[in-house]
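Trainee: Can we go through this one together? I'd like to start with the strands and then move to the pocket.
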Amino acid sequence: MAAERGLAMATCTAPVNIAVIKYWGKRDTDLILPINSSLSVTLHQDQLRTTTTAAASRDFTEDRLWLNGKEADVGHPRVQACLREVRRLARKRRGAGEDAAALSLSCKVHIASENNFPTAAGLASSAAGYACLVSALARLYGLEEELSEVARRGSGSACRSMFGGFVQWQRGERPDGSDSLALQVAPETHWPELRVLVLVVSGEKKPVGSTAGMQTSVETSPLLKHRAEVVVPERLAQMMRHIQERDFEGFGQLAMRDSNQFHATCLDTFPPIFYLTDVSRHIIALAHRYNAHHGHTKVAYTFDAGPNAVVFALADAVAEFVEVLRRSFPPAANGDEFVRGLPVGSAALPQELLAAVVTEPLPGAVRYILHTKPGPGPQLVDDPSQHLLGADGLPRSRA
């Protein structure tokens with residue numbers, strides 16, 4: 001934490017996570033309590049991250065918030081819930097002891113947050129955003145306790161971004177939500193060969209936001225009720241076992257099945273919700289053709305509430321599958337920028353694979369591919385030059 005001229009400041013980064021056993025539906029919309037437990041993979045922050053700076057000063061006259069350089073509504077109920085909870089915990093921790101630091105609790109805060117990926121396009125931006133907000137505020141106020149419950153108040157899936165690697169968000173039973181927490185199932189180092197390809201087909205905002213969509217599903221979809229009560233508990237246990245055993249065949253098959261069932265509940269919602277596009281469905285068919293050609297599961301897709309695909313593979317399959325993607329979705333003009341993130345080797349495709357798998361190329365349908373891997377939870381940024389706010393508490397211009 002930086003402190004100068006009565007200004008206290010902290011900057012953190014936080015990751016995106018991708019659920020392999022999906023969360024969809026709340027039993028309490030205020031506390032953000034889910035109807036089922038879920039399980040996710042935290043993605044590496046070298047490729048996808050939110051950076052947030054929180055500053056407190058006696059000179060600030062009101063709480064303020066900037067998202068990606070533009071001032072936003074700090075009065076948003078979920079932002080306020082996180083602010084309120086962090087301040088409550090800080091007050092509780094300090095108890096009756098009045099010291100100089102405690103004065104900062106009455107100070108207003110300025111918060112600036114930036115994503116290095118498209119917001120609201122099905123890339124779990126709210127999860128990274130709220131995990132980062134809570135991490136930066138906690139650092140500002142000197143909190144070190146369990147914070148996934150606080151992050152959950154901002155966005156349900158944000159509680160899973162409070163940890164690295166493989167993370168379970170427990171449904172919990174208590175009405176106050178005190179047992180609806182995230183727990184790390186395995187660290188990011190557990191499965192070093194696991195790789196992730198994010199296929200960005202659209203950077204546009206979703207037609208139906210997750211919050212509205214899932215509540216319509218809760219109210220109208222009998223399939224969702226069956227999924228939450230019967231299907232998910234069994235799948236969660238299976239998925240944790242596949243992860244512990246690093247069993248890609250089991251992990252991949254179950255991830256695909258769960259993604260498909262999640263989107264089936266969206267279709268079972270009335271009126272139905274369509275997050276997948278024709279390009280999404282092309283990617284699904286392509287993955288199945290590719291696996292069928294090899295006779296086992298080499299790649300596994302999952303889709304959150306948006307059209308972008310997340311494909312899991314082991315490191316030794318990445319180069320060949322990326323070449324399959326390049327042939328199936330020939331890049332329009334961004335040939336050099338088509339594959340980003342971790343380096344990808346080159347691969348020559350056998351003629352029989354091309355004939356069996358690359359059937360109908362769709363030029364330009366995939367905008368780019370981001371190659372990443374599992375990564376750690378929120379990180380403190382020590383370098384003061386990386387703060388998003390200047391000494392005056394206002395956003396620095398990012399020239």
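Mentor: A definition to begin with: two strands count as paired if DSSP finds at least two bridges between them. Keep in mind that this is a predicted model.

Trainee: Fine. Which residue in β17 is the bridge partner of Val196?
Mentor: Thr372 is the bridge partner of Val196. The strands involved are β13, residues 194-200, and β17, residues 368-372, which pair in the antiparallel sense over five bridges.

Trainee: What order do the strands take in the open sheet?
Mentor: The order is β14-β15-β13-β17-β16, five strands with mixed pairing. At the edges are β14 (299-302) and β16 (339-341), each pairing on one side only. From one strand to the next, the twist averages 25°.

Trainee: Which strands does α7 touch?
Mentor: α7 packs on the sheet and touches β13, β14 and β15. The direction of α7 makes about 160° with that of β14.

Trainee: And α8, which strands does that helix touch?
Mentor: Helix α8, residues 315-328, touches β13, β14, β15, β16 and β17 as it packs on the sheet. Its direction makes about 140° with that of β15.

Trainee: Switching to the backbone. Where is the cis peptide bond?
Mentor: The cis bond joins Phe270 and Pro271, with omega about -5°. Pro271 lies in the loop between α6 (248-268) and α7 (278-294). For context, most peptide bonds are trans.

Trainee: What about phi, which residue other than glycine has a positive value near 50°?
Mentor: Arg246 has a phi near 50°, and it is found in the loop between α5 (222-244) and α6. Asn68 also has a positive phi, about 50°, although it is not a glycine. Asn68 is in the loop between β8 (64-67) and β9 (70-72).

Trainee: How does the lining split by class?
Mentor: Eight residues are nonpolar, five polar and four charged.

Methods: Residues numbered from 1 in each chain as written. Predicted model: local features only at pLDDT ≥ 70, side-chain atom pairs only at ≥ 80, totals over all residues. Heavy atoms only, no water. Nonpolar A, V, L, I, M, F, W, Y, C, P; charged D, E, K, R; others polar. Helix = DSSP H or I, 4+ residues; strand = E, 2+ residues; numbered from the N terminus. Axes fitted to C-alpha atoms, helices over the stretch in contact; angles between N-to-C directions. Contact = heavy atoms within 4.5 Å.
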